[in-house]
Amino acid sequence: MTPRRLNLPDTAKIAVSDVDGRIHAPSAARNAQPILEVLRRVAPVRGTALEIASGTGEHVAAFATALPALIWQPTDIDEARLASIAAWTTDLANVRPPIRLDATVPGWSEKFDPPNLIFLSNLLHLIGESEARTCVTEAGRLLAPNGILLVYGPFKRGDGFASDGDLRFHQDLAAQDPSIGYKAFQTVQAWQAGAWLHPVDVIEMPANNLILSARKPA
Ligand SMILES: C[S@@+](CC[C@H](N)C(=O)[O-])C[C@H]1O[C@@H](n2cnc3c(N)ncnc32)[C@H](O)[C@@H]1O
């Protein structure tokens with residue numbers, strides 16, 4: 001299967017350092033702190049955390065710095081981003097070297113030990129419905145008992161959109177590829193429920209984003 005590589009809207013704003021491969025994404029820098037505030041409330045204090053689609057690595061670098069007793073495993077599908085993650089996290093003892101992962105391939109969960117936390121940000125609207133469902137289902141399968149899955153991003157509210165800007169973003173994505181675009185948060189919760197998880201909360205985040213949290217029974 002050909003890995004999906006999208007020219008995401010943020011890509012135009014990304015600057016690549018020519019020194020060590022670090023990529024900077026303004027959106028990741030912007031939303032790291034609000035996400036971190038949620039992690040401080042709901043993430044396990046210690047244990048292991050798997051990040052799916054880590055992107056530039058700025059998120060995992062911020063989270064691992066602020067939550068030093070959690071051991072983080074970043075992943076991504078894209079080689080340039082894997083290099084960037086490695087550059088951002090090289091000095092952090094609680095971040096393992098990044099691993100290449102296509103989170104849309106059934107069975108990917110078998111490659112990992114069960115983590116206490118799985119964090120996924122800004123991927124589900126960029127992939128198709130069945131790919132997104134696979135990603136969530138595999139995460140549910142993998143999570144350790146009592147573990148928590150946090151899915152951050154833009155979502156539809158039922159059949160509607162949170163704002164005209166969200167509708168436009170969805171339409172831009174669908175124009176690039178009609179199979180992708182926003183998923184309803186209720187749909188993602190149904191996938192979580194079908195994947196051995198209990199949906200716990202829908203947390204409103206800046207810019208109409210949500211964090212969907214779900215827990216695996218102990
Ligand atoms: C919009 S970026 C989000 C990055 C980061 N999570 C954030 O919120 O800033 C989407 C990321 O998903 C990765 N990606 C795309 N398709 C993927 C797949 N099938 N499996 C895993 N990662 C994928 C891209 O390489 C990119 O790093």
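I count helices and strands here as DSSP runs, helices of at least four residues and strands of at least two, numbered from the N terminus. The model I am looking at is predicted.

**Entry 1. Overall build**

I looked up the element count to begin. The chain has 6 helices and 9 strands. I then checked the radius of gyration: 16 Å, close to the 17 Å that the globule rule gives for 218 residues, so the chain is as compact as a globular protein of that length. Along the principal axes, the C-alpha atoms fill a box of roughly 45 × 45 × 35 Å. I find 42% of the 218 residues counted as buried. I also looked at contact range. Among contacts with a separation of 6 or more, 69% come from residues 24 or more positions apart.

**Entry 2. The sheet**

In what order do the strands of the open sheet lie? I read S5-S4-S3-S6-S7-S9-S8, which makes 7 strands with mixed pairing. S5 (99-100) and S8 (198-204) stand at the edges. Each has a single partner strand, so one side of each is left without a neighbour in the sheet.

**Entry 3. Strand S9 and its partners**

I followed S9 (residues 209-215) next. It runs antiparallel to S7 (residues 148-154), and 7 bridges join the two. I noted two of the bridge partners: Pro154 pairs with Asn209 of S9, and Val151 pairs with Leu212 of S9.

S8 and S9 also pair in the antiparallel sense, over 6 bridges. Here I picked out Asp201, whose bridge partner in S9 is Ser213. S8 and S9 form a hairpin with 4 residues between them. In that turn, I see that Ala207 has a positive phi of about 60°.

Is S9 mostly covered or mostly open? It is mostly covered, with 5 of its 7 residues buried.

**Entry 4. Helices on the sheet**

Which residues of H2 are buried? I list Glu58, His59, Val60, Ala61, Phe63 and Ala64. Their cover includes helix H1 (26-42), S3, S4, H3 and S6.

**Entry 5. Ile77**

I stopped at Ile77, found in the loop between S4 and helix H3 (79-89). Is Ile77 buried or partly exposed? I count 18 other C-beta atoms within 10 Å of Ile77. Buried takes 20 or more, and exposed takes 12 or fewer. Ile77 is therefore partly exposed. I also checked the spacing to Thr56, 21 residues apart from Ile77 along the chain: their C-alpha atoms are separated by 12 Å.

Notes
Residues numbered from 1 in each chain as written. Predicted model: local features only at pLDDT ≥ 70, side-chain atom pairs only at ≥ 80, totals over all residues. Pairing = 2+ DSSP bridges. Rg over C-alpha atoms; globule rule 2.2 N^0.38 Å. Contact = placed C-beta atoms within 7 Å.
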